[in-house]
Amino acid sequence: MTPRSKPQTMRARHDPCPFAALPRRLTFTADVEPSPAEPGGRRHLDATAALLDLLDETGARGTFFILGEVAEAAPRLVREIAARGHEVASHNHSHRDLEALGPRGLLGEARRARAALQDASGQAVPGFRAPFFSLTPRTAWAAAVIAEAGHGYSSSVLPARGFLHGHPAAPRRPFLWPLEGGEGLLELPVPLARLGPARLPFLGGMYLRYLPPWDLRAMSARLEGPLAWSYCHPYDIDAAEPFRRAPGLGLASSAFLWANRRVTLGRLRALLRGRVSIPLAERLDEARAMAGPAPAQSKGSAEEATVAAER
Ligand SMILES: [Zn+2]
């Protein structure tokens, strides 16, 4: 058997890269927001520039879910992201979870963010990602609101139990939220893999920073979700940020958010090297072709949104 014809799992076993078993097509995504330790700070601007350099270096094009607040304060950054070939998408206006916003609050924020991102980038903005992946069974009304705000797809569901939010009953594959009078909002759930009894979104954030290479390797070989993408934040690579207690968080949580950032760029580089990353907006036909049924009892209908708004 020649090396070229070895099955992927055999190649993965002998490859030093912990991500060798992942599919060749894997989209880089980032959530562009300030550091939790300094919500009014500007360190995310330089850190996002470093992420853009990494994508140039690896020949990757990705999707940047940007806060409307960031777009209004730094429209040049949004323009640069678009000019360098990446997709500009919305991370809503402020970094609040959907339940705290409610349907009316979400609609106002989503429209404001989309307008700021469109103005700054000169691109349509089909993509939306809820802060904290906070589209859950309790906020299923949000699918209709996200569509009403003009978005064509969402990347807002963690289909497992999360630290803060999760939707364990949601499919691991892309699915369409059934909406009244429309074809539905396409949802691209976070890719997961099992680690012991847990299912973790290991291709991003704290998991990518903290999991040891042997766990990343084992999890890469049992990826759940046919549409692979990674996620990160500018602060995940900002190893020079001085420690501060994050507003609203305890010392231990703040330290956990702050530490272990030195490894992130190298891990992202290893994820992207030898892979093809194109923006999620260019994979929507692929996603629709693999879409399964929506989670049971989560209609995401306009009626549900109206009822929730009136509560
Ligand atoms: Zn975020």
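Mentor: Happy to. A residue is buried if 20 or more other C-beta atoms lie within 10 Å of its own, exposed if 12 or fewer, and partly exposed in between. Keep in mind that this is a predicted model.

Trainee: Where is isoleucine 146 found?

Mentor: In helix α6, which covers residues 142–148.

Trainee: And which residues is isoleucine 146 in contact with, leaving aside neighbours within four places in sequence?

Mentor: Ala110, Phe128, His151, Ser154 and Leu185. As for arginine 129, it is 17 residues away along the chain, and its C-alpha atom is separated from that of isoleucine 146 by 9.5 Å.

Trainee: Leu185 is on that list. What is leucine 185 itself in contact with?

Mentor: With the neighbours within four places in sequence set aside, leucine 185 is in contact with Ala143, Ile146, Ala147, Tyr153, Ser154, Leu176, Trp177 and Leu179.

Trainee: Which residues touch the most other members of the largest nonpolar core?

Mentor: Ile66, Leu117, Ala142, Ala143, Ile146 and Leu185, out of 79 residues in that core. Helix α5 supplies the largest share of this core, with 8 residues.

Trainee: Let's stay with α5, then. At what angle do α4 and α5 pack?

Mentor: About 65 degrees, with their axes 8 Å apart; α4 is residues 75–83 and α5 is residues 98–121. The crossing of the two is right-handed.

Trainee: Which residues meet there, between α4 and α5?

Mentor: From α4 you have Pro75, Val78, Arg79 and Ala82, and they meet Leu117, Ala120 and Ser121 from α5. Sorted by class, this contact has 5 nonpolar, 1 polar and 1 charged residues.

Trainee: New topic: what does the UniProt annotation cover?

Mentor: The unreviewed UniProt entry has an annotation, "domain: NodB homology", for residues 24–143. In this model the span is 48% helix and 13% strand, and its end C-alpha atoms lie 30 Å apart.

Trainee: Now the backbone. What is phi of asparagine 92 near?

Mentor: Near 70 degrees, which is a positive value in a residue other than glycine. You'll find asparagine 92 in the loop between β3 (87–90) and α5. Asparagine 92 is buried, because 30 other C-beta atoms lie within 10 Å.

Trainee: And asparagine 260, what is its phi?

Mentor: Also positive, at about 60 degrees, although asparagine 260 is not a glycine. Its place is in the loop between α9 (251–258) and α10. Asparagine 260 has 14 C-beta neighbours inside 10 Å, so it counts as partly exposed.

Trainee: You mentioned α10. Where does threonine 264 lie?

Mentor: In helix α10 itself, residues 264–272. Threonine 264 is buried, because 21 other C-beta atoms are within 10 Å. Not counting residues up to four places away in sequence, threonine 264 touches Leu208, Arg209, Cys232, Asp236 and Ile237.

Trainee: Last one: where is the place of cysteine 17?

Mentor: In the loop between α1 (8–14) and β1 (27–32). Cysteine 17 counts as partly exposed because it has 18 C-beta neighbours inside 10 Å.

Technical notes. Residues are numbered from 1 along each chain as its sequence is written. This is a predicted model: local features need pLDDT of at least 70, side-chain atom pairs count only at pLDDT 80 or more; totals for chains, interfaces and linings use all residues. UniProt positions are given in the numbering used here, feature names are shortened, and annotations may be inferred rather than shown by experiment. Helices (H or I, at least four residues) and strands (E, at least two) are DSSP runs, numbered from the N terminus. Axes are lines fitted to C-alpha atoms, for helices over the stretch in contact, and angles run from 0 to 180 degrees between N-to-C directions. A crossing is left-handed if the near helix is turned anticlockwise from the far one by less than a right angle, and right-handed if clockwise. Two residues are in contact if their C-beta atoms, placed from the backbone, lie within 7 Å. Ala, Val, Leu, Ile, Met, Phe, Trp, Tyr, Cys and Pro count as nonpolar, Asp, Glu, Lys and Arg as charged, and the others, Gly among them, as polar. A nonpolar core is a set of buried Ala, Val, Leu, Ile, Met, Phe, Trp, Tyr and Cys residues joined through C-beta atoms within 7 Å.
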